[in-house]
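Please load the model in your viewer and keep the selection panel at hand. The tour below moves from the whole chain to individual residues.

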Amino acid sequence: MTRWTSPQIRSRPRPVAANVSSAIKRFSENRRNVIRGAVTAARRGILTTDAINLIRANVAEGDMVAAATILESPQGLRQRKVFGLRQSDIAINHHHQRRSANLELAYTCGFLNSWKSEAMMAIETIAVLSRLTDVSVSDAIGAISKAAEKWGASNYLALKISYIREFLKVDEADMVILASIDATLGHSQSPMIQYSALENIKTKISLFSIARRHTNILMDHVKGDFRRFHTLNNLVPTPISHDDCAGFVLRGTESSLLDAVRCLLIIANLRDRLPDAYAAIQRNLDADILESLLAAQDQVMAASVPQIVDPSEGDKPGEETSSFDNERSLLYYRRSIVFLEFVPLCRFRHDLDRVIGHRLMAPVLGEGTRWNAEDFGSLETLKQPDGVFELDQHDADGVQVDGFYRTYLFLRFIQTPSNLALLSSDEVKYLFDTTMRLEALLLESELKTMHLNASEEARALISVLALSLYRGKSSDPDVDFDFRANLEDYIIRNFSGSIPDFIENLAPKSPQVANYIASSLDEVTLQKMYQIVDSPVSAENARRDILTSVGVHLNKIEYIIEAEAIETRSKVAKLRNYFDTSRMFVDSLAMKKWLGSNPSAYTEQYKELLPKLTARLAASKSVVSASGKEAKIDIVELTSTDDYLVERIAADAFREFCVNNEFGIESYLGRRIRHNTLQGVMTKSVDAVLQRSDYNPIIAGTPFGAALSAWESGYKVFIERMRREFLQFRSASNPSALFNSEIDFTETSARRNLAQLIQTLRLSGPEMLDELIIGFCWRQIAPQLDSASRQIRVKMTQEIAQSLDQALQRFNGPEELKVKLALENGITSVFAQVASWFQIPQTGFVPATIPEICNIIDIEYGRPANPTFVSGADLDTSYYGISVHRIYDCLAVLLQNAFKHGSEGSDVTVKMSTKPIERTNLHLLDVSVQSVMPKAEASRCIERVAAALNSSETGKDMVTEGYSGIKKVKFITRLNEGAPTVSFDVLDDIIEIRFQLKVEVADEEARD
């Protein structure tokens, strides 16, 4: 489990260096004795965070400069080094108490002053590396290599390396140099620094998903200063206010000398916006260093701004697009982090950070947000059609806006609450449709204001957006009651309570609002719309209709696939109940969807790496590259990185598996607690005893009754403690919780589970990553569930039984003992019942054999009297997880094809073979469906099948022509295997269509 602590530094017992002694004399007189005491203590033992904070606890800028000399100078107490850093030397967070902005700037200046010549070299390095895009790729990598050899690791260098890897064409020879740079920096041992850089610029990874993941993870640790954490600091790489400069420069100082210099250069680039901060630099930074910094700034300004977004990149007006993540202004926003040395990019990023970045951090900043961006009042600009955004148009009157830039302007527009009242229903609808990710960027207070001020129709749209926001931010879906009720009323009044009619009316005119609907009206939310959804089956059907309609109107195959998955789930569930409300439950289908929609940098890098790794592991280890160079070292390095990547992917996924509001275990616990299931179960048996009429004479108005009443009060306090303290996930504020969403990879079982996952992935390929990760999560949580069950059944039962014993120890009459025995039995029973909730995980999947799946399909198509014949070895092998759904979908298509087009009354045969994939829980499954063709139609049957197998099965194609038929089997197998595996043969009048899948095999527990 990751511990959010900075390393303690043990000072060597040696005389205080001359510069440290002289620095003490530069402190204000009232601080010198404190500083002497702190320095003396540090010489004798460990330099703790508290000691560092004590030395830094100054109120004068001069004292902060002196404190930096004592702590950060070449002979300082922290034994700081500025050359040859490895990535493991950069802590992912620090615990230093942030002082005011001017004081922290003075401290950073003191740090640089104490390393004067090195600071000036760092400035020169930044000036050189700012020109990476002006030289050849080989020269750029050579410059990076020299900087890495001299300085070692830094966030600045990690950003440059990530940019080169992601956006420049790197040949094989240069890849060898990059691998050498990684070795110099210790990347394989501690890759987080580079992956943090990569996730901020990689287009495939949603910036909003990154922000949500990191803020959720770190919410309990931030304590008012998000800049303490490297990952959060990278999300907002410019200071959003003067006060924010404090955490900004402190984070840079804690990282490296290069990063500290970069921070001051960024503030110099923003000097007209942060004049007080720049003045503090002028007051405290050595004159020669400041002159060098400004000279470097002039040198960079004289150069052309890097073309970080190619003219051909980004969505063009009028083009169909599957996502907003490719908007040109968003590409500029994300990539600008690499080149903040350039004033235009720095100012652009700063403008948007003050709006977008600030809002991304809102979950960890608490209430009372004060905006730092200027207000914006031009509704006409917001309403103009999409154009091609260019950097030089930023903040100009004639700016051509795209979806992301319009979102930025709209968020500035609503900083003035009265502006919301100016919007008509059509304008609200237009703005919702042409902006992006408002559910992640709007605050709850803003949504409520919009809701109150809007017209009836607009209020319905705002309700949809609010539902989407609350589903993402709150573990309690009941908090969105008002918005749900309003949306229900609107649908009843205008669409006779028909959700599909509401969607059909809205989706063609408002596609982005339809997107919000698809994300917010999940089955759980629909089940709570009691006025128009009367059962779980109705919720399931409504969800399927929503997804189908939105998928068709937005031309998005992923919605059609999800709708089909709901249908498949209900059919496969006939083998066994899909949801057993008496036991622990995680919606694995929803989790798989979430994993696919929210990839991390680790996931994307792993998917790119795994095919290369698998190929190299399968080949001889004496790999020779095209240039004739030996590549053995690449195999070793890839394997090491492979392990780390899977570990990080697993850790992130397990956390979501545990605490995700929509599908995780915490949502299950929340339902148990929120709907008073726990309270009802725990008190029912006790109440039944205390309210029995035959016990009334001995309880009512007696000392025994008074003792029982006192015990009952304590029992209810314990139930509340279970609710608030025990049946929760562990955090710094709640260390007694029974569950832990963090994985300790030093534990034997965790290492074993991880090793199994890594091995299976290497043999299966990246296509099965998500479902194998879900299987890993279930194996990982099982010991926690077992432990929780034992604690409740044994320890808590004993604790309550003992409290009852103590409360009634004075009462030993036969009738009194009878009541006591009845209570003891009731206590044992209720604790056993609560313990059973955590005994056997229910994954949301049903294990099934091929004959069982074929039997379901036969029943569905009315063929129980003429069942499909299944042959092959290992017919009793049970498959599991999403594999069952894939097998069902493929077999249903091929069997339906045989039933419909085969000779009437002829037999249909399914042949199967299954082969274990060594050292995994996967099999390679081959399935074929044989049927007899009608003689008169045989040629046409063969042509039809051949045409289907030779045609395209892209997402757009599938939406237009229908997600069905043999194309559907091609599509499913391509998603699972990386390429379609469908083929056919003809022998006389028999046609055989076959497919192959890697599938998960059920273990014994899954079959119980």
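Among contacts in the chain between residues at least 6 apart in sequence, what percentage join residues at least 24 apart? The figure is 74%, where contact means heavy atoms within 4.5 Å. This is a predicted model, in which local features need pLDDT of at least 70, side-chain atom pairs count only at pLDDT 80 or more, and totals for chains, interfaces and linings use all residues. Residues are numbered from 1 along each chain as its sequence is written, and side-chain values use heavy atoms, with hydrogens and water left out.

**The whole chain**

Begin with a cartoon view of the chain, whose secondary structure comes to 47 helices and eight strands. Helices (H or I, at least four residues) and strands (E, at least two) are DSSP runs, numbered from the N terminus. Next, colour by relative accessible area: of the 1008 residues, 57% count as buried. Buried means under 20% relative accessible area, exposed over 50%, and partly exposed in between (1.4 Å probe, protein chains only). Then display the surface, of which the chain exposes about 41,000 Å². Carbon and sulfur atoms supply 50% of that area; accessible areas come from the Shrake-Rupley method with a 1.4 Å probe, and for residues only the protein chains shown count as cover.

**Stop 1: glutamine 79**

Select glutamine 79, in the loop between helix 4 (61-72) and helix 5 (101-114). Its phi is positive, about 50°, although the residue is not a glycine. Glutamine 79 counts as partly exposed because its relative accessibility is 28%.

**Stop 2**

Move to the loop between helix 20 (379-383) and helix 21 (403-413), where aspartate 395 is found. This residue, too, is not a glycine and has a positive phi, near 70°. Is aspartate 395 buried or exposed? With a relative accessible area of 53%, aspartate 395 is exposed.

**Stop 2: threonine 407**

Now select threonine 407 in helix 21. Threonine 407 counts as buried because its relative accessibility is 0%. Which residues does it touch, not counting those up to four places away in sequence? They are Thr435, Met436, Leu438 and Leu441. A C-alpha distance drawn from threonine 407 to leucine 441 reads 9.2 Å, across 34 residues along the chain.

**Stop 3: glutamine 784**

Proceed to helix 40 (residues 769-807), the place of glutamine 784. At 17% relative accessibility, glutamine 784 counts as buried. With residues up to four places away in sequence set aside, glutamine 784 touches Phe654, Leu738, Phe739 and Asn740.

**Stop 4: leucine 975**

Finish at leucine 975 in helix 46 (residues 965-977), a partly exposed residue at 44% relative accessibility. Show Ile561 and Glu767, its contacts once neighbours within four places in sequence are left aside. Leucine 975 and glutamate 767 are 208 residues apart in sequence, yet 6.6 Å apart in space, C-alpha to C-alpha.
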